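Okay, thanks for coming, everyone.

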Amino acid sequence: MLEIVQRFAQEGYQIDPQALELISSYSGPKNELIVRVLRGLDGSVAVIDPSHVSNHISVLPERSTLSEKSKGPNKLERPEHQERVAKEKPQVDLNCDVTGRSTCVGEYEDFVRYFRDRYSKIREILSRRLTARPIESLGKSTAGREVSIIGMVMDVRTTNKGHRVLELEDPTGMIIAVIGKDSEIFDQSYQVVPDEVLGVTGVSDGGGRIFIRSFLWPDMPSQSRPLGEGHGYALLTSDIHVGSRYFMEEAWERFISWVNGDAEDPSGLASQVEYLVVAGDLVDGIGVYPGQDADLTIPDIYEQYKKAAEYINSIRKDISIIISPGNHDMVRQAEPQPALPEEVTRDFNANCTFVGSPAWVTLGGIQVLVYHGRSIDDLVLRIPGLSYGEPEKAMLEMLRRRHLCPIYGNRVSIAPEHEDHYVIQKPPSILHCGHVHTVGIAKYKGVVAINSGTWQSQTDFQKKMNIQPTPAVVPLVDLASMKVRKLVFA
Ligand code: D5M
Ligand code: FE
Ligand code: ZN
């Protein structure tokens, strides 16, 4: 029994006692059943209940991995949708996490499957607002007619004459989309980034080209009120960089004293904090950038995590702490990143939950999408008007595209998992990122986007890059009103 519980725990799930009973009393190969159950879960599941298991007990003999694999891709196949099972929510839900479920080996088919999944998930969102036709249907009969399509951007460029050209692809074909330099939407064409999926409406020439009149990004549903109402307060932070000589230990200690109620707290807020989320870069790591050795006060990664555990363990035990990794942490660099391994997490108190990046967590009834935010580097480079000083604007671009990392294969290396974990399939109440070391807060269509800054002062490297961090500032979210305060410990 314990083995089964551990097996699910490793993958980030809890298991309901009845479900456990079903598995342990199963007369067939238990391991196979467990694999089936794990594969069958959709993003909303945190606790395995009996229905997740019983489904697989009945279908097990008919389905084999081999026959599934050899089924061959059907380009227009819609993604399978499992029924979402209502469940009682624990304090912290872990969903949509790559931890323990990486499927990719990096074969060509993996890339195809990854992009197909990205396309079909975003197309589904766009289809609610746009009646699009398959690209292959844009033959001669459509010449001069207005048509809409949903495509993935394979290329976007400016011609010698100053027009903008997009190459759009759907599972049925490819088309050239043109935005003339005098077009009203010419400026908008600079918002288009490679690899994103968007809708366009325009006039077909019947010969493989379409002259675009409007773009449609998938976007969040229009909504000005907060998307959820919860209870309690959550502190959001990231980029602690324990082990770096730039780590601001004194400011961090002030923060911890405040949380623990050992410091003056005229507002009485500290005692109401129930959650703390760390969105990556818990430690500075080793070998992350050239010459990092000279910047480390703790040159051993295990010692860095030991120290980090000491800091985190000194926080009040009644706070639930969620820790997600970043590019300085000891997990694979390819994204999505799994949770930190047991060899380092075992030093942390039981109130700590380790999740992957990205991860969905539910805090006091509020859905939070946590992602370290490395894609912000690519977005800032590519989209006019974005800067490191206002990371929240880059985060709004993610929300608008319903994707955490629209640009594939620049700074961020995305592992071609069979599923695109970066599609924002449902609107979160909070999108929490870090990475860029500047605090930024914005509200957009009911979603609160928060970049939670850092505890690292400006490094020499950042000085050269002209990146001005805002360290030791911690956003505090009132989960009932969704009001955000910035607490300053610098
Ligand atoms: O990233 C901290 C900040 O420094 C973030 O804004 C990105 C920037 N940074 C980090 N490494 C690079 C490279 N190689 N080029 C450009 N900008 C970079 P962190 O992940 O915490 O080190
Ligand atoms: Fe960082
Ligand atoms: Zn980072």
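Let's begin with Arg209, which is partly exposed at a relative accessible area of 39%. The labels go like this: buried is under 20% relative accessible area, exposed is over 50%, and partly exposed is in between, using a 1.4 Å probe and protein chains only. Arg209 has a partner, Asp205, and their side chains meet in a salt bridge with 3.4 Å from N to O. Asp205 is partly exposed too, at 29% relative accessibility.

A quick word on where this comes from. This is a predicted model, where local features need pLDDT of at least 70 and side-chain atom pairs count only at pLDDT 80 or more, while totals for chains, interfaces and linings use all residues. Residues are numbered from 1 along each chain as its sequence is written, chains are lettered from A and ligands numbered from 1 in the order in which they are written, and side-chain values use heavy atoms, with hydrogens and water left out.

So what is a salt bridge here? It's a side-chain nitrogen of Lys or Arg within 4 Å of a carboxyl oxygen of Asp or Glu. Side chains of opposite charge can pair when their charged atoms come close. How many salt bridges does the rule give? The count comes to 18.

Here's another one: Glu310 with Lys307, where the closest N and O atoms are 3.3 Å apart. These two sit three residues apart in helix α8 (residues 301-313), so about one helical turn separates them. Lys307 is partly exposed at 25%.

Now compare Asp377 and Arg411, whose closest N and O atoms are 3.5 Å apart in their salt bridge. This pair links distant parts of the chain, 34 residues apart: Asp377 is in helix α10 (residues 375-382), and Arg411 is in the loop between α11 (391-401) and β14 (430-433). Buried or exposed, what is Asp377? At 8% relative accessibility, Asp377 is buried, while Arg411 is partly exposed at 40%. There's also a network of salt bridges linking Glu196, Glu397, Arg400 and Arg401.

Next, strand β8 (residues 233-237). Five of its five residues are buried, so the strand is largely enclosed by the rest of the structure. Tyr233, Leu235 and Thr237 point one way, and Ala234 and Leu236 point the other way. β8 runs parallel to strand β9 (residues 273-279), joined by five bridges; strands pair if DSSP finds at least two bridges between them. On the other hand, β8 pairs with strand β17 (residues 473-478) in the antiparallel sense, over three bridges.

Last, the metals. Which residues coordinate the iron ion (ligand 2)? They are Asp239 (OD), His241 (NE2), Asp281 (OD) and His437 (NE2), at 1.9 to 2.3 Å. Donors are N, O and S atoms within 2.8 Å of the metal (3.2 Å for Na, K and Ca), and water is not among the atoms, so sites may look incomplete. The iron ion (ligand 2) is 3.3 Å from the zinc ion (ligand 3), and Asp281 coordinates both.

Conventions:
Helix = DSSP H or I, 4+ residues; strand = E, 2+ residues; numbered from the N terminus.
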